[in-house]
Amino acid sequence: MLYLDNAATTVRKPLAVYAKLMKSTIAGSGNAGRGAHKKSMDAVRAMVDTQDLIAELFNIQNPQNIIFMQNATYALNTAIFGTVRDCSHIVVTAMDHNSVLRPAYLLGNYTVVDADKTGYVRAEDVENAIREDTALIVCTHASNVCGTVQPVYEIGRIAKKHGIPFLVDTAQTAGCTVIDAEKMNADMIAFSGHKGLMGPLGTGGLYVRNPEKLYPLVVGGTGSNSESIVQPEFMPDKFHSGTMNIPAIAALSSGVKYVMKRGVNAIRDYEHGLAMRFRENLLNMENVTVYGSGTGVATVAFNVGELDSGEVFERLMGRVAVRAGYHCAPLAHRAIGTSDRGAVRASFGVFNTQHDVSKMTDYIYHISRDLKG
C-alpha cells in the first residue's frame, strides 16, 4: 500500500532505529535511575545521549532541560497546565491542534487568534490578543491540516518583548524544518519523536527553558531523593516520574542521528519537492480544491468536487494510506473553509518517491474524472 500519512507517523524508519530498538529490547534494558548497576546506568546513558542529540538539533543550551514523554500531546498538556494555574489568560491560534485547544478550553480563559484562508496567522494579530493577565502564548510551528508554517520566530520576539512565556508545538516540523530554540525565543518546545525525528511510536518530549517556573503534571517515583515525599526540583527528574521507555528513547537517538546526517534542510527540500509536485498536479485538475499556502511542510490538503472527504478516503481505501476528516484541529478547518466536510490529507516523507507522487496523482485524477461524468 502507498503510504502518505507521515503527518500522523512515519511508518518506515531508518534501519538503525529498528536495530537499536531490537538490541535494547532483546538485551534487556535496565530501569533508568533505579539502581547503580550496569543495566540501570546504561539506561541513564541512553537517555542522556538522546537528550544531547536533540539539544544539538534544536540549538538548546542545556540538554538536561529536555524531558521525554509518550507523545507531543502529553508535552503540550504539561506545558499548558504547568504554566497556567490561576485562571490566567492564554493566547492560542485557530491553527492549533486539539492538544492545545482542549487544555485551553478546560482552563476557560483564552483568546483564539484567527488565520487567513491559507491557514496563516499574522504575528501582529497575536500581539493584539495579549492582555494584562496573559500568562502564555501558544502556536503551532506548522499546521497538521494543510502544512502552512507560522511566523513563530516573529511571535517569539513579541512574547519576549512582553515578558510572556512562549510555547511552540513542533510536532509537524521536528526533523524536517530547522528549529532554533534560541532564535525562536521559545520558552518551551513540544516535539513528537515518531514523525520527522524517525523514532518509534510512543516517543515525544518537551524542552523547558526555565523548569523552575513549570509545575509537573505527574509526580511520583524518580529514583532520586527517595527518602523524601517531595518531588525533586532538578532536571530532568522533576518531570520524569515512573519508568521511562528506554528502548524507544534509545531508538529515537538513532532517528535523530539519521536526520542530522542527512541534514534537515536536505530533508525539507526533498519532501517539499514531492508535495509541491503533487499539489501542482492537483491544481491542474478539474473538480479538485487544494488548501494551504503551498510553502509549508510536505502536507497537501484537498477535496474532490462536492464529495465528503470521508468518501474520497473510501474510494482510496486499500490502495493508499491517507487521512480524511478534521485531523483533531476543528478551528483550522473553519479558517480554510472546510468545516462542512473536512479535508483529505496526503503527507509526504523522506522515504516517499516521485513514483508515489505519480500514483497518487492518478488515483485522484480518476476520482475527479468520474465526477465529471
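**Basis.** I worked from a predicted model in which local features need pLDDT of at least 70 and side-chain atom pairs count only at pLDDT 80 or more, while totals for chains, interfaces and linings use all residues. Residues are numbered from 1 along each chain as its sequence is written, and side-chain values use heavy atoms, with hydrogens and water left out.

**Helix pair.** I looked up helix H3 (residues 72-83) and helix H4 (residues 98-107), whose axes come within 9 Å and cross at roughly 30 degrees. H3 is therefore roughly parallel to H4 (angles under 35 degrees count as such). I then listed the residues in contact (heavy atoms within 4.5 Å): Thr73, Leu76, Asn77, Ile80 and Phe81 of H3 meet Ser99, Val100, Pro103, Leu106 and Leu107 of H4. Seven of these residues are nonpolar, three polar and none charged.

**Surroundings of H4.** I found Asn98, Ser99, Val100, Leu101, Pro103 and Ala104 of H4 buried (under 20% relative accessible area, 1.4 Å probe, protein chains only). The buried residues of H4 pack against H3, strands S3 (89-93), S4 (110-113) and S5 (134-140), and helix H10 (330-336). Just after H4, I noted a positive phi of about 90 degrees at Gly108.

Note on methods: Axes are lines fitted to C-alpha atoms, for helices over the stretch in contact, and angles run from 0 to 180 degrees between N-to-C directions. Helices (H or I, at least four residues) and strands (E, at least two) are DSSP runs, numbered from the N terminus. Angles under 35 degrees count as roughly parallel, over 145 as roughly antiparallel, 65 to 115 as roughly perpendicular and the rest as oblique. Ala, Val, Leu, Ile, Met, Phe, Trp, Tyr, Cys and Pro count as nonpolar, Asp, Glu, Lys and Arg as charged, and the others, Gly among them, as polar. Buried means under 20% relative accessible area, exposed over 50%, partly exposed in between (1.4 Å probe, protein chains only).
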